[in-house]
Amino acid sequence: MLYFINQKGPFTEGIFGKSPSIKSCRALKKKLNCGDTVNLNEEPILVIASVLKDFLRNIQGSIFSASLYDKWLDVIDQGEEEDKITATQRLLDQLPRANVVFLRYLFAVLYNIEQHSSSNQMTAYNLSVCITPSMLCLSNSGSSENFTKQISFIQFLIENCLKIFGEDITCLFGETSVSSDNSDITDITDNSEKVAGSFPMSQFFTSGDQSIGVLASASVRLLCLGWPFCILAACGSFLLWRFLTLCGIV
């Protein structure tokens with residue numbers, strides 16, 4: 001999913017902002033949860049982006065970890081930009097490595113989209129407004145002041161992600177973006193279909209205990225292959241690692 005958003009999102013007006021068909025989103029999530037083979041190249045990019053936001057929203061405690069919530073918001077109160085970058089990197093060091101790996105891929109996508117804002121109208125600020133509620137909002141953090149800080153923090157991450165995560169994040173997907181009317185994206189789709197056809201996911205995943213720790217770094221390889229990571233986020237770590245082992249990834 002991240003791969004396809006990285007490819008088509010930069011040239012899709014209102015990516016992450018426009019609301020796609022609820023019916024289409026439910027249909028895609030149902031196919032993913034049932035373990036069906038899904039050709040993401042045939043799915044509308046706005047639907048894929050919406051399902052990604054739904055995945056982020058359903059990570060218990062958020063990808064940034066609820067225990068660090070106040071510290072993330074305090075970053076915005078740091079004086080100089082370099083101080084903010086240093087504070088952010090120190091907090092990243094306190095997250096599970098899997099979370100950091102996932103965030104690198106995610107912000108590589110957001111940065112790529114922001115770099116094409118003249119085409120998609122999604123500046124760093126607009127992106128942060130649209131995606132922050134799925135990434136950093138906790139149920140007990142509803143004040144307008146906190147929401148403003150949350151938006152400012154995510155905007156800061158997008159604008160400074162090369163300094164925070166390293167300039168090599170621009171190469172994580174191996175290719176540059178293509179125009180949204182170019183459907184010639186086949187390699188990753190083909191690979192994901194082969195793997196999806198080999199193992200019935202419904203045998204290995206459950207809707208049980210949600211845990212941020214299940215975002216193991218090995219699963220990032222599945223994310224880039226278009227795998228249903230909305231399922232990976234919700235399953236128990238034992239089942240996830242069992243599945244990854246069967247796939248020969250770990």
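Reader: In which helix do aspartate 54 and arginine 57 both lie?

Author: The structure is a predicted model, in which local features need pLDDT of at least 70 and side-chain atom pairs count only at pLDDT 80 or more, while totals for chains, interfaces and linings use all residues. Residues are numbered from 1 along each chain as its sequence is written, and side-chain values use heavy atoms, with hydrogens and water left out. Helices here are DSSP runs of H or I with at least four residues, strands are runs of E with at least two, and both are numbered from the N terminus. Aspartate 54 and arginine 57 are three residues apart, about one turn of the helix, and both lie in helix α3.

Reader: Which residues do salt bridges that share partners join into one network?

Author: A salt bridge requires a side-chain nitrogen of Lys or Arg within 4 Å of a carboxyl oxygen of Asp or Glu. Aspartate 54 meets lysine 29 at 3.5 Å, N to O, and its closest N and O atoms with arginine 57 are 3.4 Å apart. Lysine 29 lies in helix α2 (residues 22-33) and aspartate 54 in helix α3 (residues 45-57), so their bridge ties together parts that are 25 residues apart in sequence. The residues joined into one network are Lys29, Asp54 and Arg57.

Reader: How are the rings of tyrosine 3 and phenylalanine 4 arranged as a pair?

Author: A pair of aromatic rings is described by the distance of the centres and the angle of the planes. Rings of Phe, Tyr and Trp (its six-membered ring) pair if their centres lie within 6.5 Å; planes under 30 degrees apart count as stacked, over 60 as edge-to-face and the rest as tilted. By this rule there are seven aromatic pairs. The rings of tyrosine 3 and phenylalanine 4 have centres 5.5 Å apart and planes at 85 degrees, so the pair is edge-to-face.

Reader: How many residues apart are tryptophan 72 and phenylalanine 153?

Author: These two residues form a tilted aromatic pair, 5.4 Å centre to centre with 40 degrees between the planes. Tryptophan 72 is buried at 0% relative accessible area, and phenylalanine 153 is buried at 0% as well. The pair links distant parts of the chain, with tryptophan 72 in helix α4 (residues 69-74) and phenylalanine 153 in helix α9 (residues 144-159), and their separation is 81 residues.

Technical notes. Buried < 20%, exposed > 50% of the residue type's maximum accessible area, 1.4 Å probe, protein only.
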